[in-house]
Amino acid sequence: MGTPETSREPCPDRILDDIGGAFGMGAVGGSAFHFLKGIYNSPKGERFLGGSQAVRMNAPRVGGSFAVWGGLFSTFDCSMVYVRQKEDPWNSIIAGAATGGFLQMRQGPGAASRSALFGGVLLALIEGAGIMLNKFMSSQQNFPPMEEPNAPYSAPGNNVGTVAADSSPGWFDGFFGGGTKEAALAGDASSKTTVLESFDAPTPPSFEYK
């Protein structure tokens, strides 16, 4: 099972992929939120119209905000991959902190520092949850195989045939044929095999007159 870092797109394409995914998430989530908010704030009889109008006005804006955040995060993530030359959760944590701080730079150093700390902690929680989920799923797939029941065993011999039978001997054993019958017990208690040896036919009677 691949980790979240190895299962993502390669770095140049990752930026566009994250921008599109973030815009879709923001547009869908913003549509649902603002539609319900528009229905609640609209007068009776025009609730559906008010909800639709709120979606048209606000959903693209929310999707654009998400797209900006996703594009910046992916850009910082790819930069960390290029600088550190490896893929690990630290890239995402540093990228989350850098994105949060960059978006709040206009509010001053204090707000940017708090936003960077919040972004780093949030990404650390997300990455930790992903690692724990991957370990749990991999442990579920690595159970030891179940032991199969032993196969029936046939005693070696010349011209030996194997016939399945009950554990109790038959009533007509030995009444027909001049040979002997051997029983081989193997496997579990529920499976028994009976081994029949081939027998030689008796010599035909002689009708010579003496």
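Residues are numbered from 1 along each chain as its sequence is written, and side-chain values use heavy atoms, with hydrogens and water left out. Because this is a prediction, local features need pLDDT of at least 70 and side-chain atom pairs count only at pLDDT 80 or more, while totals for chains, interfaces and linings use all residues.

Let's start with helix H1, which covers residues 11-41; helices here are DSSP runs of H or I with at least four residues, numbered from the N terminus. Asn41 belongs to this helix, and its C-alpha sits 8.5 Å from that of Gly51, 10 residues away in sequence. With a relative accessibility of 53%, Asn41 counts as exposed (buried is under 20% relative accessible area, exposed over 50%, partly exposed in between, with a 1.4 Å probe and protein chains only).

Now for the rings. Phe, Tyr and Trp (its six-membered ring) pair if ring centres lie within 6.5 Å; planes under 30 degrees apart are stacked, over 60 edge-to-face, and the rest tilted. That gives 3 aromatic pairs. One of them joins Phe35 and Phe48, whose centres are 5.9 Å apart with planes at 80 degrees, so it is edge-to-face. This pair links distant parts of the chain, with Phe35 in helix H1 and Phe48 in helix H2, 13 residues apart. Phe35 is partly exposed at 25%, whereas Phe48 is exposed at 62%. Phe76 and Phe102 are edge-to-face too, because their centres are 6.2 Å apart and their planes at 65 degrees.

Beyond its neighbours within four places in sequence, Thr99 is in contact (heavy atoms within 4.5 Å) with Trp69, Leu72, Phe73 and Phe76. A polar atom of the Thr99 side chain lies 3.5 Å from the backbone nitrogen of Phe73.

Trp69, in helix H2, is partly exposed at 32%. Together with Val68, Phe102, Leu103 and Met105, Trp69 forms a nonpolar patch of about 470 Å² accessible area. Helix H2 (47-84) and helix H3 (89-103) each supply at least two of the patch residues. Phe102, the ring partner of Phe76, is partly exposed at 44%.

Conventions:
Patches are made of residues with over 30% relative accessible area and no salt bridge: like charges are joined within 9 Å, nonpolar side chains (Val, Leu, Ile, Met, Phe, Trp, Tyr) within 5 Å. Accessible areas come from the Shrake-Rupley method with a 1.4 Å probe; for residues, only the protein chains shown count as cover. A salt bridge is a side-chain nitrogen of Lys or Arg within 4 Å of a carboxyl oxygen of Asp or Glu. A polar contact is a pair of N or O atoms within 3.5 Å; within protein, one must be able to donate a hydrogen and the other to accept it, and residues adjacent in sequence count only if both atoms are side-chain atoms.
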